[in-house]
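Subject: Structure handover

Hello,

Here is the structure you asked to see.

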Amino acid sequence: MIHGQSAADSRFDRKLACSIAPALRMLYSDTGMATVSFFPDENCIVKTSSGNPIEPLIIEPEADLSSEFAAYIAAKDQKPEIVIVRGVGGFMITGSGKQDKYGRLIGKIAIVTGGAQGFGKGIAESMAAEGTLIAIADLNLEGALACAADLNRRYGEDTAVAIRVDVSDEQSVEHMIQETVLAFGGLDVLVSNAGILIAGSLSDLSKEKFDLVTNVNYSGYFLCAKHAAQPMKIQNKYAPGYLTDIIEVNSKSGLEGSNKNFAYAGSKFGGIGLTQSFALELVEFGIKVNAVCPGNFLDGPLWSDPEKGLFRQYLDSGKVAGAKSLDDVRRFYESKVPLGRGCTVADVVCAIMYIIEQKYETGQAVPVTGGQVMLR
Ligand SMILES: NC(=O)c1ccc[n+]([C@@H]2O[C@H](COP(=O)([O-])OP(=O)(O)OC[C@H]3O[C@@H](n4cnc5c(N)ncnc54)[C@H](O)[C@@H]3O)[C@@H](O)[C@H]2O)c1
């Protein structure tokens with residue numbers, strides 16, 4: 001009933017609705033995490049399973065939410081299930097997360113950018129398996145829709161939504177955050193994963209290509225963090241002490257230089273600077289900001305795509321001296337890793353879980369490189 005309506009109906013005040021939903025969600029946080037779904041029709045009547053209409057809490061947009069909420073509870077001896085904000089729309093609160101599910105991230109709400117394939121897809125799947133409600137946000141809407149449909153099949157309807165986003169476009173990023181908040185009621189984890197790699201030497205790489213990599217990997221992370229922080233701040237205001245996470249999927253190339261791949265490495269080094277700076281700024285709002293720095297995901301599409309993948313490109317360009325096959329190129333890159341293999345989705349998810357569950361760390365770049373890069 002709810003999902004999709006918000007995207008189609010742009011008559012309501014989206015910003016206002018997005019500031020109310022996370023606040024409402026936190027007013028339920030003492031009994032576990034609720035899901036808050038927005039619907040633009042403030043006149044709709046919702047009935048209980050016995051057929052009786054649910055009596056909503058009806059408030060004006062400028063009303064003090066906490067005191068109106070407390071007054072309703074005092075009068076009815078229960079929390080409201082529907083809150084109508086005049087001129088804005090209705091908010092339906094559906095209990096404390098998914099009661100029938102268990103997991104390490106139960107009731108959390110996350111966005112994974114670049115979630116249609118590769119690391120992002122795997123991270124979204126693993127987080128959904130642990131009970132997270134997921135927005136799969138990608139330039140590739142078709143791919144995001146397929147992933148969301150799969151997660152809804154596996155983990156229950158309304159586990160995932162798909163959103164088209166270009167992380168280098170501020171309006172598009174703002175829309176992504178709003179759609180997520182209107183669908184689920186808030187935001188606990190932003191995984192800023194969307195990224196591109198265009199290699200090239202100083203004499204070859206054009207300014208356009210350099211700018212494209214910078215816009216997606218570096219500015220895109222800035223835009224996602226900027227807009228994700230809004231609902232996170234509201235949640236912390238209504239539930240002081242409540243912690244949320246911004247996590248950048250960085251790279252080992254953010255920790256050491258990468259030959260003839262400076263556009264990518266520069267954007268990732270910059271991402272570490274953003275991570276540390278955002279961490280300092282957002283700590284007062286309970287927002288932890290960290291990065292994970294994976295090594296080469298040799299089984300992922302970036303490397304293994306038979307036509308466009310890096311194994312194919314490096315074989316064709318002769319980058320790996322003496323390599324005669326795709327396997328030779330693969331073995332060369334595996335041999336650079338002390339633990340002898342490429343990075344996997346499971347390795348990255350392990351680091352992300354650590355970051356979310358660790359309450360006493362922010363501003364860090366966690367290497368996941370099989371020992372290829374060691375911190376000083
Ligand atoms: N593959 C590796 O070896 C490796 C190693 C270390 C770090 N990383 C990092 O992991 C992240 C994911 O990499 P991957 O290998 O899974 O990549 P991938 O190319 O397999 O997937 C990237 C996804 O991002 C999406 N995307 C691209 N530009 C976008 C934009 N402007 N807005 C929204 N979505 C966009 C693509 O459509 C795609 O679905 C990247 O940040 C990358 O730098 C990758």
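The model is predicted, so local features need pLDDT of at least 70 and side-chain atom pairs count only at pLDDT 80 or more, while totals for chains, interfaces and linings use all residues. Residues are numbered from 1 along each chain as its sequence is written.

Domains

The protein chain is split into domain 1 (5-96) and domain 2 (109-295 + 343-368); such bounds come from an automatic or database domain assignment. Between the C-alpha centres of domain 1 and domain 2 there are 29 Å. Contact between them involves 19 residues of domain 1 and 15 residues of domain 2, where two residues are in contact if their C-beta atoms, placed from the backbone, lie within 7 Å. On the side of domain 1 that touches domain 2, two or more residues come from each of α1 (5-8), α2 (14-27) and β1 (34-39). The most come from α2, with 11 residues. Helices (H or I, at least four residues) and strands (E, at least two) are DSSP runs, numbered from the N terminus. By class, this side of domain 1 has 12 nonpolar, five polar and two charged residues. Here Ala, Val, Leu, Ile, Met, Phe, Trp, Tyr, Cys and Pro count as nonpolar, Asp, Glu, Lys and Arg as charged, and the others, Gly among them, as polar.

Ligand shell

The ligand is surrounded by 29 residues, and the closest are Gly114, Gly118, Ala194, Gly195 and Ser251. A residue counts as near if its C-beta atom, placed from the backbone, lies within 6 Å of the molecule or strand in question. At least two residues of the shell come from each of α4 (118-129) and α9 (301-304). The shell has 14 nonpolar, 13 polar and two charged residues.

Helix pairs

Two packed helices are described by the angle between their axes and the distance between the axes. Axes are lines fitted to C-alpha atoms, for helices over the stretch in contact, and angles run from 0 to 180 degrees between N-to-C directions.

For α4 and α5 (residues 141-155), the axes come within 11 Å and cross at roughly 20 degrees. The two helices α4 and α5 are therefore roughly parallel to each other; angles under 35 degrees count as roughly parallel, over 145 as roughly antiparallel, 65 to 115 as roughly perpendicular and the rest as oblique. Residues of α4 in this contact include Lys121 and Glu125, and those of α5 include Cys147 and Tyr155. The contact of α4 with α5 has six nonpolar, no polar and two charged residues.

For α6 (residues 170-184) and α7 (residues 207-238), the axes come within 9 Å and cross at roughly 30 degrees. This pair, α6 and α7, is therefore roughly parallel as well. Among the residues in contact are Val173 and Ile177 of α6 and Leu223 and His227 of α7. By class, there are seven nonpolar, two polar and two charged residues in the contact of α6 with α7.

The helix α7 also packs with α8 (residues 262-282), at an angle of about 15 degrees and with the axes 9 Å apart. Therefore α7 and α8 are roughly parallel to each other. Phe210 and Tyr221 are among the α7 residues that meet α8, and Leu274 and Phe278 are among those of α8. The contact of α7 with α8 has 12 nonpolar, five polar and two charged residues.

Regards
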